[in-house]
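Have a look at the fold below before reading on.

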Amino acid sequence: MKKFNKSKNYLLINATIYVFIIVLMLTTVTYAWFSLTNHNRATLVTQVSGVEAEYEFYIYNDPTHSGSQSYTLIDNTTNNPDELNKYLFITDPTNVTLIDEYSAPGERFSFAIKIANIGTTTGHVTLSLYNIESELYDRVENKIQTAYEYSVEKISYIADGVESEDQKDIQSLNYYADHFDYMSGLRYYLVDHIPLQYGEGTSVVIYFDLYFDPTVYGIDAYGQPYKNSNIFMGQKFTIYTIDMVLSA
């Protein structure tokens with residue numbers, strides 16, 4: 001599956017993310033966020049064959065739900081929830097609500113994950129979303145998740161406090177954008193095997209958006225499309241897992 005570029009879109013996400021780390025065999029480390037329990041106290045640093053990393057998670061603090069207009073973390077972050085239109089640093093990603101209110105078609109939500117390789121070898125990072133669930137739909141084809149698009153907006157590198165321009169196409173990186181499918185059990189990749197350079201002060205930043213697409217209406221019992229998005233009203237959409245895999 002090669003990279004796709006789509007128009008920006010955004011999402012209602014009523015999910016709580018919790019962090020859990022699983023160390024797999026050989027050179028792979030998996031980090032997963034779950035909305036299952038807040039009793040997880042796993043650390044965020046695990047070393048396997050020289051691949052050792054730390055990460056920071058950000059939510060764009062945007063009350064209008066228009067999404068980020070500036071995909072950068074340089075002079076664009078805050079620790080204050082009352083400071084708007086900046087990427088809000090989440091100090092405790094084991095207990096955070098991504099969106100704590102209802103959303104409407106056309107709204108967009110922006111996120112960023114900054115990953116620093118503190119090991120001794122160059123690694124790679126893969127990010128994906130899975131355990132996607134909709135509730136209160138009338139037909140499986142009308143799950144609210146089908147009205148949402150995920151899209152990687154920028155992949156950049158930070159070195160010595162300077163952030164690069166977007167590297168998605170410059171380096172021919174594998175990144176994705178698409179709507180969620182109504183089928184259960186699917187994994188949706190954001191990025192795949194992105195180089196994770198090592199060195200003090202060096203990190204990669206992956207910016208991704210979730211968009212409630214106003215052009216998706218659902219279908220009736222005869223397979224005909226509705227004329228508006230009302231079929232999605234009252235539904236709940238949850239992303240239970242964001243999975244980050246580090247490999248040598």
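Y148, Y150, F180, Y188, F212, F232 and F237 come together as one aromatic cluster. Rings of Phe, Tyr and Trp (its six-membered ring) are paired here if their centres lie within 6.5 Å, and the structure holds 13 such aromatic pairs.

A quick word on where this comes from: it's a predicted model, with local features needing pLDDT of at least 70 and side-chain atom pairs counting only at pLDDT 80 or more, while totals for chains, interfaces and linings use all residues. Residues are numbered from 1 along each chain as its sequence is written, and side-chain values use heavy atoms, with hydrogens and water left out.

Back to F180. Leaving aside neighbours within four places in sequence, F180 is in contact (heavy atoms within 4.5 Å) with L129, I132, Q145, T146, Y148, Y150, Y188, L210, F237 and I239. F180 also turns up in the largest nonpolar core, where I115, L129 and F180 touch the most other members out of 43 residues. Such a core is a set of buried Ala, Val, Leu, Ile, Met, Phe, Trp, Tyr and Cys residues joined through side-chain atoms within 4.5 Å; buried means under 20% relative accessible area with a 1.4 Å probe, protein chains only. Strands supplying at least two residues each to this core include β4 (53–60), β8 (108–117) and β16 (236–247). There's a second, separate core of 9 residues, with Y58, Y60, Y87 and Y207 among them.

Two rings have a charge over the face, meaning NZ of Lys or CZ of Arg within 6 Å of the ring centre and within 35 degrees of the ring normal:

| Charged residue | Ring | Distance from ring centre |
|---|---|---|
| K168 | Y175 | 5.1 Å |
| R187 | Y130 | 4.0 Å |

Is T78 buried or exposed? T78 counts as buried because its relative accessibility is 6%. A polar atom of the T78 side chain lies 3.0 Å from the backbone nitrogen of N80. Setting aside neighbours within four places in sequence, T78 is in contact with E83, K86, Y87, L88 and F89.

Zooming out, the protein has 0 helices and 16 strands (DSSP runs: H or I of at least four residues for helices, E of at least two for strands, numbered from the N terminus). Of its 248 residues, 51% count as buried. Among contacts between residues at least 6 apart in sequence, 75% join residues at least 24 apart.

Technical notes
Buried < 20%, exposed > 50% of the residue type's maximum accessible area, 1.4 Å probe, protein only. Phe/Tyr/Trp six-rings, centres within 6.5 Å; stacked < 30°, edge-to-face > 60°. Polar contact = N/O pair within 3.5 Å; in protein donor to acceptor, adjacent residues only side chain to side chain.
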